[in-house]
Amino acid sequence: MRKTNRKIYFVILYLFTAIGIYAQHINEKNNIHEDSLLSKEKKDSLKIQELKMQVQELKLSQIALLNEKKNMGKTDSLKKALQKKQIDSLRAITKGYPVVIDNDTLFNLYARRGGVMPADRASKVKEVIIAEGKKLKLKPDSIYMFETEYVTDIMSGDKVIITLSDQDGLWQNTTRQDLAKKYTAIISKKISELHSKYGLQQKIKSFLILFLVIIAQIIAIYFTQKLFIRIKSRLKKIINEKFKANKFLTNDRQEVLLVSITKVTKYSFIIVQLIISIFIIFSIFPETEKYVYHMFTFMGNLAKDMGNTIIHYIPNLVKIIFIYLIFKYIIKILKYFSGEIAEERIKIKGFYPDWAHSTFNILRFLLYSFMFIMIWPLLPNSNSPAFQGISVFIGLIISLGSTTVIGNLMSGLVITYMRAFKIGDQIKLNDTIGNVVEKTPFVTRVRTSKNELITIPNSFILSSQTVNYSASARNYGIIIYSDITVGYDIPRKQVEDLLIEAATNAEGVLKNPAPFVLVKELEDFYCCYQINAYTDRDLAMPKVYSNLHKNIMDRFHEEGIEILSPHFYAERDGNEIVMPSQYKHQSND
């Protein structure tokens with residue numbers, strides 16, 4: 001700015017000098033014209049002297065301008081020298097900000113430009129170079145320099161890539177123009193490299209490769225399916241020819257196991273193919289190429305971590321297997337002895353056979369709990385706060401939600417050791433009569449005579465009255481009984497003999513002990529008799545009752561004796577006798 005003002009000053013001075021000379025010339029001309037008395041020679045000599053004076057003045061002005069320019073040049077040189085000295089002193093401690101594209105450092109920027117920091121300038125230059133390089137089309141020689149008095153712009157078409165000033169040149173120990181030429185070559189080369197990767201031609205090639213990879217993957221999956229179908233058929237043939245079925249691995253189970261293993265292997269193979277295809281697809285396009293490295297790194301680290309974890313966990317795994325095998329064979333030994341005791345091949349004084357399975361279940365639960373306690377510290381991350389928190393949470397849920405479950409479990413244990421009934425017994429529980437078909441730690445299942453399966457919680461059984469018909473039948477027989485009402489006109493002895501005869505001849509009634517009759521009630525209009533008989537058929541009691549009732553009706557009707565109900569009177573007042581018609585004549589006789 002100061003240099004410009006000086007130039008304007010000298011131009012104005014030169015103009016004023018020229019104007020003064022011209023005005024003086026006009027004035028002298030007028031004087032010469034007015035002074036007609038002077039001679040022509042005198043006028044010419046005066047004119048020559050005036051012109052000489054003007055030339056001298058112009059020379060003086062030119063000398064003054066030259067001196068001023070020299071002074072200005074010296075000032076600029078001093079100013080640049082001072083700036084260079086300052087930059088040299090700052091270069092050792094000032095950090096340059098590189099322009100890095102694809103791990104390639106193009107150049108560094110140190111100076112600010114228009115209040116923009118070097119880091120922001122480097123970031124902006126990087127964005128512009130990448131944007132220009134990723135254009136689908138790039139014109140030849142599109143990168144050029146645009147020179148002005150104070151700065152040099154490196155251009156791409158009508159877009160400014162970077163603006164370089166004299167300070168940028170000083171920071172690089174060169175001139176602005178030379179630095180611009182150097183940067184132009186570097187930027188042009190990098191944009192050409194980017195265009196070779198992101199250009200239209202490369203895009204077309206990438207999409208063609210992508211299409212080929214997809215087709216190849218589809219073909220690979222198709223042939224993989226065919227291959228595993230043949231492998232499965234071949235394995236089936238081998239298994240049928242060389243492997244024999246047993247109770248654990250029947251033919252159906254072998255086939256299911258074979259199909260499962262083949263499917264797992266096939267899908268694992270296809271997944272590996274897909275992973276390889278994904279890596280290839282990501283590496284085709286420059287925009288996604290960097291993710292391939294990240295994926296490889298991730299999978300490599302994952303495999304490495306898993307391998308290290310497995311290797312370091314092998315000692316604990318061996319301990320867990322050893323503990324499990326010990327408890328497994330202990331439980332097998334207990335199971336063998338419980339079966340022997342239940343079948344009464346081994347007898348222990350004071351220990352009943354029906355206690356064997358329940359005791360085995362209790363001991364197995366305790367052993368598994370103890371095994372779990374021993375294995376727990378050996379599990380991976382068992383000491384981590386998250387693992388411990390989850391275990392506490394699960395324990396809290398079980399403790400809060402298992403009140404009824406624990407109650408039924410304890411009731412089942414009490415019922416077992418009370419020996420109230422066992423599987424196969426005929427029991428009566430409140431209004432339910434049926435055969436016990438299953439006992440579990442939590443519930444008991446009873447099948448009624450109508451083939452109804454009833455599930456009863458053990459806690460309900462423990463709080464209710466239970467009648468065990470089978471236990472009575474095994475020990476001394478069950479007494480079945482039935483009440484009948486007969487008028488007072490029939491002799492008691494005759495009624496008792498008929499009832500005993502009917503009971504003795506009923507199918508399912510024991511002859512010994514013999515049936516007996518009780519005179520239960522003496523009402524106003526009838527006498528109530530009760531027949532009692534023994535039976536050992538606890539599971540067929542409804543049928544035994546039916547046979548007894550049939551015989552009673554038949555014998556009384558054969559004798560012409562009417563079985564009264566409480567609403568009939570002994571004095572009939574002309575009412576007909578209540579019995580089948582074929583027996584009425586016997587009664588009249």
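Which helix gives the most to the lining of the second largest cavity? Helix 11 does, with 3 residues. The legends below cover this cavity and several other close-ups.

The model is predicted: local features need pLDDT of at least 70, side-chain atom pairs count only at pLDDT 80 or more, and totals for chains, interfaces and linings use all residues. Residues are numbered from 1 along each chain as its sequence is written, and side-chain values use heavy atoms, without hydrogens or water.

**View 1. Helix 8 packs against helix 9.**
Helix 8 covers residues 286-342, and helix 9 covers residues 356-375. (Helices are DSSP runs of H or I with at least four residues, strands are runs of E with at least two, and both are numbered from the N terminus.) The two axes lie 9 Å apart, at an angle of about 175°. (Axes are lines fitted to C-alpha atoms, for helices over the stretch in contact, and angles run from 0 to 180 degrees between N-to-C directions.) Helix 8 and helix 9 are therefore roughly antiparallel, a label for angles over 145 degrees. On helix 8, the contact residues include Ile 320, Tyr 324, Phe 327, Leu 334 and Lys 335. On helix 9, they include His 357, Phe 360, Arg 364, Leu 367 and Met 371. (Contact means heavy atoms within 4.5 Å.) By class, this contact has 18 nonpolar, 2 polar and 2 charged residues. (Ala, Val, Leu, Ile, Met, Phe, Trp, Tyr, Cys and Pro count as nonpolar, Asp, Glu, Lys and Arg as charged, and the others, Gly among them, as polar.)

Strand 3 and strand 4 (residues 152-156) pair over 5 bridges. One link to find: Ile 143 has Ser 156 in strand 4 as its bridge partner.

**View 2. Strand 4 and strand 5 are joined in a hairpin.**
This antiparallel pair has 5 bridges. Thr 152 has Leu 164 in strand 5 as its bridge partner. In the hairpin, 2 residues lie between the strands. Gly 157 takes a positive phi near 70° there.

**View 3. Five strands build a second open sheet, in the order 9-8-7-6-10.**
The pairing is antiparallel. Strand 9 (453-457) and strand 10 (466-468) are the edge strands, each pairing on one side only. The twist averages 40° from one strand to the next. Strand 6 (residues 426-429) is joined to strand 10 by 3 bridges. Leu 429 has Thr 466 in strand 10 as its bridge partner.

**View 4. The second largest pocket holds about 600 Å³ of space.**
(On a 1 Å grid over the protein atoms alone, a pocket is an open set of points with protein on both sides within 12 Å along at least five of seven lines; a cavity is a set where a 1.4 Å probe fits but cannot get out; lining residues have an atom within 4 Å of a point. Points are joined across faces, edges and corners, and a volume is the space filled by probe spheres set on them.) This pocket is lined by 20 residues. The closest to its centre are His 357, Ser 358, Asn 361, Leu 413 and Pro 441. Helix 9 and helix 11 (403-418) each supply at least two lining residues. Helix 9 gives the most, with 8. By class, the lining has 10 nonpolar, 6 polar and 4 charged residues.

**View 5. The largest cavity has about 40 Å³ of space.**
The model has 2 cavities of 30 Å³ or more. Residues lining the largest one include Asn 108, Tyr 110, Asp 168, Trp 171 and Tyr 183. Strand 2 (104-109), helix 4 (166-171) and helix 5 each give two or more residues to this lining. By class, it has 6 nonpolar, 2 polar and 1 charged.

**View 6. The second largest cavity has a volume of about 30 Å³.**
Its lining is Gly 412, Ile 415, Thr 416, Lys 439, Thr 440, Thr 444 and Asn 458. These divide into 1 nonpolar, 5 polar and 1 charged. Helix 11 gives the most, with 3 residues.

Key:
Angles under 35 degrees count as roughly parallel, over 145 as roughly antiparallel, 65 to 115 as roughly perpendicular and the rest as oblique. Two strands pair if DSSP finds at least two bridges between them.
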